[in-house]
Amino acid sequence: MSPPRPGDPQPVAARAPVGLVVWRDRPATGPWNMAADEVLAAVAQDRGEVLLRLYGWQPETISLGAFQSFAEAEQQPNLAGWSVVRRPSGGGAIVHGTDLTYCLALPGAHPWSRRAEDLYAAVHGALVEELQHRGVAAAMVDAEAAARVPATDFFCFNRRSFGDVIVESAATGTLAGGWKILGSAQRRLAGVVLQHGSLLLRRHPGMSGVGSHPGVCDLVKNLGDDSSGLVESWLRRLAARFAGPLQEISESFCSGDEPDLHRRIRRYSDDAWLRRR
């Protein structure tokens, strides 16, 4: 691992939860995914462990940030017919279907729960480190670059926030020096931090206009159509940053009989929740 850089999180204290437990779940509906993420947070709090869930979406879905206006979504010309769900975390709207979504749950006792920037730097820095190891010109957006791009755009991948991962490009029209391939947002719950993120793998063939963005496999040609090696190496680097082993669980995180899962699914399926802003 490369030496720490300014802005990198400090090493984890010995008493903190160490390592990383990961589930790779099959694609599911938006309400199921959001409900499962809340259950993940509750389990992380109970166990005092750092837990991560990776998943896709079926059907392909637009997820809105917790504070976005639903009326703005209705005004977007290319979203007719899409399933829409509201996340518990903030940020802009994400076009799901050609991305890999993660939810990381960090117990409140962990030192990195104190500042949002520390957890972003850990998760995003591990991916930047792996991309640079592969010869890719990748970087995290700094505060100065983030300030040059308005944070009010409807789509997440048109925004720039501190810590976003970009693949640098000289192409005309790119923002803040490159194409954004990974962004994250947090929600702080009692006793746990829930962090959502989306690694954009490929440009979505069903989206055009301002909602269409290239993914890492489009920009890094030697990845081809197989991003699994990149993701596996990213996870191992991330586990190392948590000062422990990577433990991958073969079965799905949610079997369907977890306490409160279906109550949570109903809430995320409720039109009142979707239109609450």
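This is a predicted model: local features need pLDDT of at least 70, side-chain atom pairs count only at pLDDT 80 or more; totals for chains, interfaces and linings use all residues.
The crossing of helix 1 and helix 7 is right-handed. On the side of helix 1, the contact is made by Pro31, Trp32, Met34, Ala35, Ala36, Glu38 and Val39, while helix 7 contributes Leu261, His262, Arg264, Ile265, Arg267, Tyr268 and Ser269. When the residues in this contact are sorted by class, nine are nonpolar, two are polar and three are charged.

A further helix pair is formed by helix 3 (116–133) and helix 6 (residues 228–241), whose axes come within 8 Å and cross at roughly 130°. Helix 3 and helix 6 are therefore oblique to each other, and their crossing is right-handed. The residues of helix 3 that make the contact are Ala121, Ala122, Val123, Gly125, Ala126, Leu127, Glu129, Glu130, Leu131 and His133, and they meet Leu230, Ser233, Trp234, Arg237, Leu238 and Arg241 of helix 6. By class, the contact of helix 3 with helix 6 comprises nine nonpolar, three polar and four charged residues.

Attention may next be turned to the spaces left between the atoms. Rolling a probe the size of a water molecule over the atoms shows where empty space remains. The largest pocket has a volume of about 350 Å³, and of the 28 residues that line this pocket, Tyr120, Ser161, Gly183, Ser184 and Ala185 are the closest to its centre. Helix 3, strand 9 (178–189) and strand 10 (192–200) each supply at least two residues of the lining of the largest pocket, so that helix 3 takes part both in this lining and in the contact with helix 6. The lining of the largest pocket divides into nine nonpolar, 14 polar and five charged residues.

The structure also holds two cavities of 30 Å³ or more. The largest cavity has a volume of about 100 Å³ and is lined by 14 residues, among which Val95, Phe157, Leu200, Gly211 and His213 lie nearest its centre. Seven residues of this lining are nonpolar, five are polar and two are charged. The second largest cavity contains about 30 Å³ of space, and its lining consists of Gln76, Pro77, Asn78, Leu79, Phe155, Ser208, Val210 and Gly211. In that lining, four residues are nonpolar, four are polar and none is charged.

Two local features of the backbone remain to be described. Most residues other than glycine have a negative phi, and most peptide bonds are trans. Against this background, the peptide bond that joins Gln58 and Pro59 is cis, with an omega of about 5°, and Pro59 has its place in the loop between strand 2 (51–55) and strand 3 (61–64). Ala243, although it is not a glycine, has a positive phi of about 60°, and Ala243 lies in the loop between helix 6 and strand 11 (246–249).

Definitions and conventions:
Residues are numbered from 1 along each chain as its sequence is written. Side-chain values use heavy atoms; hydrogens and water are left out. On a 1 Å grid over the protein atoms alone, a cavity is a set of points where a 1.4 Å probe fits but cannot get out, and a pocket is an open set with protein on both sides within 12 Å along at least five of seven lines; lining residues have an atom within 4 Å of a point. Grid points are joined across faces, edges and corners, and a volume is the space filled by probe spheres set on the points. Ala, Val, Leu, Ile, Met, Phe, Trp, Tyr, Cys and Pro count as nonpolar, Asp, Glu, Lys and Arg as charged, and the others, Gly among them, as polar. A crossing is left-handed if the near helix is turned anticlockwise from the far one by less than a right angle, and right-handed if clockwise. Helices (H or I, at least four residues) and strands (E, at least two) are DSSP runs, numbered from the N terminus. Contact means heavy atoms within 4.5 Å. Axes are lines fitted to C-alpha atoms, for helices over the stretch in contact, and angles run from 0 to 180 degrees between N-to-C directions. Angles under 35 degrees count as roughly parallel, over 145 as roughly antiparallel, 65 to 115 as roughly perpendicular and the rest as oblique.
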